[in-house]
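Have the viewer open and follow along.

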Amino acid sequence: MAKYTTEPLRCWAKAKELRKRFYEDFKGAHEKGGIRCVGSAWALDAVTMGLGRDVYWVTGEPYGASCAFDRPLSADFLAAAENFGFSRDLCSYMRNYWGSIIVNKSAFGGAFPKADFAYTQHICCSHGKWYQNACELEAGDVPLYVIDVGVGAYPPFQPEMYEHRLRYVADQILDSIEWMEKITGRTYNDELFFEACWNDIRVTHIWAKICMLNRTVPAPLDEKSIYSLYVFATLQKSRGQFAEFYEELLEEVEDRVKRGIAAVANEQARVMTDTQPPWGFLKIYRYLETCGVVSIGSLYTFGLEGMWLYDEEKNDLRPRPMPPEKPRSREEACMMLADWHLSKPQYQHFYHPEYKTKMMDAIAKNWRCDGIILHYNRGCEGLSVGIAENRLGLLQRGNKVLTYEGNMGDETEFDLPATETRFDIFLESLGLKKPEG
Amino acid sequence: MIIAGIDCGAKNTKSVILRDGKIIGKGMTLTGFDQASAVKESLDAALKDAGIDAKDVDKISGTGAGMEEIKDASMKVNEIRAMAKAANYFFPSARTVTDVGAEMGRAVKIDERGKAIDFAINEKCAAGAGAFIEAMARAIEVELEEMGPMALQSDKSIPMNAQCAIFAESEVVGLIHAKTVKEDISKAIHDAMASRIVSMIRRIGVNEDIVMIGGVALNPGFVGCLKRELGIDRVYIPADPAFGAAVGAAVVLKEEA
């Protein structure tokens, strides 16, 4: 008999519809006289929205993940990228994306829609180069703007010279506005920018609040479902529809908590993970569930887009409070947006693995995890950097840690039976057993 | 109580018979393609060695890559748990155990009761397993059994950089063309493999006493390289290390019976 009651999310169908429409909007942008813009999931997409409500986005990482989910399609894209001359040890999202341009096929059907311009940011060693090559592959005439956000860690990790570092990023955003006016021929609308900026802050703040609810036992959400929900913040943080959807979702998850609705009916143990999963093999999460294990999330799903502040004294993460009010000037909006995004948890480990270890340990303790599963993800150099040190740090803090190797976007680097065997061994060490048969 | 422990490994299937916790019989056979037959054959050999009949066995415990083929097993024990328990059975002071078999290299940190605390397994690569030495023996055209003693005759240190058995073979071919003597090549091969295993052991922490089980523990060349790499004087090896996991599986069942 099930330990807890479970039920599907009411907003699931809406989530699917929103995601579908997002990609359709990008594809059909030109028919509506709109603009197609591409960039990283961490791009400050809000800035482009000052060009008009008809700027439609596609971000590379969720696109790459969607390719990877369809393994035969991904194999075609990866082969095309490799045949073109790109090395197979590069970011696998990026290779899927490039392969998709080379094959001229979209993961969402039809030809790959050419972008009007690319607007991205650079923090890991792939992001800027990703769109430099993409713009060249797309006939070589797609304008590209890259904002350098690699300015050091956010306080409390690195408080030194923060005002100067913040100004450096905000000034680049200001400059980019003039650049966008020049390449599109449109007049920039500051009011639309302020609105988009506020949507961005709402989306990333509410997402953190939703993740907070997973501290509850039983967890109202499992990580496999979380992947389908956190994606909106990676698609376009500044889209008002997504902010509204997250408000609805927050309400629904609060209701689940109130009624004791579990994601996994036989929840016996809780784990957290790290980095992107192997997208073609999400069934590993269902495998865990057969043993009564719920993956409550990760620093990746919580903090890739969600905004949190780390409290060193309490060893805790709390959703970063929203600013008191909307920005009222272009300069203020640029500063607000830069400051908001520089505090992103997933930016911090680029400066020292210890910062990530602290935040992960805070999740493990406060979300009551029995174990931590680290994906040594060969497909993402950025999020995997320092992960072996994270393992050691987490072990030293008394956590049980399992590692497995794989690749988020290249199925050839993932071994399903060997990973399941590892999970079995780990679950046994947590005192859990796989049911017979 | 009589318990049979069966380890259906990638290359060999090993069976042991335990009566009241004491080993009274052993049997081993090549696994081949027909794992079920190998299980039966090795168990029959162990029963014969123990001088008992199959009906005398109270329970069977299985482990190894082919454990699903051990149909009569009332318990299936994963390899990590089996090797941890085996190390504790043979050497209660053991805190680290490494098992180097044909297909896998593993390292496990254990507590005083033989419970696994942390572990590392080589990933999708033969370079940390017995199959690597076998492939290299073929490359330098010597019998597998000769490889270890040959390595002990060399005092040269030739680095092998390849992390992959296929590329390592290319390096070996390069050494052959450079007229390097087989003893030095053999030592280079064992050094390379030992460094893979040692890196796994370091990942979980080097805590003495260190126990080695698995067929490769019979290779004195490898054990020498392992000790040198770890900077320790002694690695504890049971009398028949290839049977280690089978013993561990039987002990787990005995404890839970």
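**A guided walk through the model**

A:Pro156 sits in the loop that runs between strand E5 (144-148) and helix H7 (162-184) of chain A. Do keep in mind that this is a predicted model. The peptide bond joining A:Pro155 and A:Pro156 is cis, with omega about 10°.

Chain B has a cis peptide bond to show as well, between B:Glu208 and B:Asp209, where omega is about 5°. To find B:Asp209, look in the loop between helix H6 (182-204) and strand E9 (210-213) of chain B.

Is A:Ala139 buried or exposed? A residue with 12 or fewer other C-beta atoms within 10 Å is classed as exposed; A:Ala139 has 9, so A:Ala139 is exposed.

A:Asn104 is another residue other than glycine with a positive phi, here near 60°. Look for A:Asn104 in the loop between helix H5 (92-103) and strand E4 (117-122) of chain A. Because A:Asn104 has 13 C-beta neighbours inside 10 Å, A:Asn104 counts as partly exposed.

Now for the sheet in chain B. Strands of a sheet pair through backbone hydrogen bonds, either parallel or antiparallel. In chain B, five strands make an open sheet with mixed pairing, and their order is E3-E2-E1-E4-E5. At the edges are strand E3 (22-30) and strand E5 (75-76) of chain B, each of which pairs on one side only. Strand E4 (residues 59-63) of chain B runs parallel to E5(B), and two bridges link the pair.

Finally, let's see how the chains meet. Eight residues of chain B are in contact with eight residues of chain A. On the chain B side, helix H2 (79-90) and strand E8 (116-121) are the elements that give two or more residues. Which element gives the most to that side? The answer is E8(B), with three residues. By class, the chain B side holds four nonpolar, one polar and three charged residues.

Methods. Residues are numbered from 1 along each chain as its sequence is written. Chains are lettered from A and ligands numbered from 1 in the order in which they are written. This is a predicted model: local features need pLDDT of at least 70, side-chain atom pairs count only at pLDDT 80 or more; totals for chains, interfaces and linings use all residues. Two residues are in contact if their C-beta atoms, placed from the backbone, lie within 7 Å. Helices (H or I, at least four residues) and strands (E, at least two) are DSSP runs, numbered from the N terminus. Ala, Val, Leu, Ile, Met, Phe, Trp, Tyr, Cys and Pro count as nonpolar, Asp, Glu, Lys and Arg as charged, and the others, Gly among them, as polar. Two strands pair if DSSP finds at least two bridges between them. A residue is buried if 20 or more other C-beta atoms lie within 10 Å of its own, exposed if 12 or fewer, and partly exposed in between; C-beta atoms are placed from the backbone.
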